[in-house]
Amino acid sequence: MNIDNIKKEFPIFSNKIHNNDLVYLDSANSSQKPLVVVNRIYDFYTKEFSNVGRSVHYLSVAATNLYEKTRSSVQKYLNAKDKNEIVFTKGATEAINLVASTFSQEFLQEGDEILLTELEHHSNYVPWHYLRKSKGVKINFAEIDEHGDISIENIEKKITPNTKMIAITHLSNVTGAILPIKEITQLAHSKGIPVMVDGCQSAPHMKLDMQDLDCDFYAISCHKMYGPTGLGILYAKKKWLDNLPPYQGGGGMINEVKKNDISYSELPNKFEAGTMATAQVIAFDESINFLNKIGIDNIISHEKKLLDYGEEILRKNNSVKLIGNPQKKGAVLSFTIDGIHPHDIATILDEDGVAIRAGHHCCQILHDKLGLTASARASLGVYNNKDDLDKLNESINNCKKIFNK
Ligand SMILES: Cc1ncc(COP(=O)(O)O)c(C=O)c1O
């Protein structure tokens, strides 16, 4: 599949937005969906639908096989050791809540500490914040440097004898910083501390290898990977899934239920209570196929070229201030323009058909640190090209004209 021609795989690009071609630069928020994924959902509901893992009739067995096929594809994509280390959730947010909640029940006590970073999305802060009240847990934040990066040294500085978990992003959704997860995990493990990685922004853009990274938990958001909404993935090492209690109770996660006791299913069913997002899981196999057909190496080099080009034109555009200049950077261009509120920038760009995001991007701690209340963010996906970035720049110039900047 040729990446330079990939837009035609996405039906949304045949629509006009305010009479303009759509320039979609909001993939860090959520990606658009290729037709193969949309069709897979339609076909499943119209020809193959059944609930999974319950009945013995033809449709149910076939649907269960398809559901488990996606689990195998995800295992391969992540190079996880065991298929049962892949748990489906309703999103990355639920995956992180699952870890925080179950880990705290089994392994945390008053006075224990969780180490986060100033880059974290609210989804990787709020679930840990709950534990302040319920468990008396303390939260520390590794600080960003002047480039918007998190160095190993800044992580090490905040580790204490009470640190019981390091929960960090792989790729910042604001500065684009790519964190050295393998090195952080080595450091953490040398001190007996497990590592949970928020992989929402890395999974669509980077080659992932769970066995090489060696982290304990990795949370993924499928709707950012050209997949359906309502679906996330938690990768967790088997030793953790074996030792953590279930997150939610209900059908599908039990082995035997008696009036005086209950035993739980084998992995990974123990963590998949109730009717799951069946159609989404089955369609996500097409998203993985789609990514594999393009090839992650092609995606990385395509997005790197675009990122470099985007940075070059935005740096030349005086009064645009890019946020962060990390050593290793993913496909995110966050910026401000003095004297124009990011929401005004996004609204004016939208009139030109250019979709970006404005606000704190669920990273208020980072914006506070940078002395900002909000920023504008253009983020890239496989379907973007240089024309999209030229259109972004052109539209920013329109916006500057309107505000006399
Ligand atoms: C870095 C990061 N973490 C977590 C999330 C939450 O993911 P989900 O929408 O799958 O719950 C997002 C989504 O915006 C994100 O960008």
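Trainee: α10 and helix α13 (residues 386-402) pack at an angle of about 20 degrees, with their axes 10 Å apart. Why is this pair called roughly parallel?

Mentor: The angle of α10 and α13 is about 20 degrees, and angles under 35 degrees count as roughly parallel, so α10 and α13 are roughly parallel to each other. This is a predicted model, in which local features need pLDDT of at least 70, side-chain atom pairs count only at pLDDT 80 or more, and totals for chains, interfaces and linings use all residues. Residues are numbered from 1 along each chain as its sequence is written.

Trainee: Which hand does the crossing of α10 and α13 have?

Mentor: The crossing of α10 and α13 is right-handed, that is, the near helix is turned clockwise from the far one by less than a right angle.

Trainee: What makes the contact of α10 with α13?

Mentor: Leu306, Tyr309, Gly310, Ile313 and Leu314 of α10 and Lys386, Leu389 and Asn393 of α13, where contact puts C-beta atoms, placed from the backbone, within 7 Å. These residues divide into 5 nonpolar, 2 polar and 1 charged. Gly310 belongs to the contact, and Gly counts as polar.

Trainee: How is the protein divided into domains?

Mentor: Domain 1 is 3-25 + 295-402 and domain 2 is 39-292, with bounds from an automatic or database domain assignment. Their C-alpha centres lie 28 Å apart. The contact between them takes 23 residues from domain 1 and 25 residues from domain 2.

Trainee: Which residues come nearest to the ligand?

Mentor: Gly91, Ala92, Thr93, His121 and Ser221, of the 14 residues around the ligand, near being a C-beta atom, placed from the backbone, within 6 Å. The shell has 3 nonpolar, 10 polar and 1 charged residues.

Methods: Contact = placed C-beta atoms within 7 Å. Axes fitted to C-alpha atoms, helices over the stretch in contact; angles between N-to-C directions. Helix = DSSP H or I, 4+ residues; strand = E, 2+ residues; numbered from the N terminus. Parallel < 35°, antiparallel > 145°, perpendicular 65-115°, else oblique.
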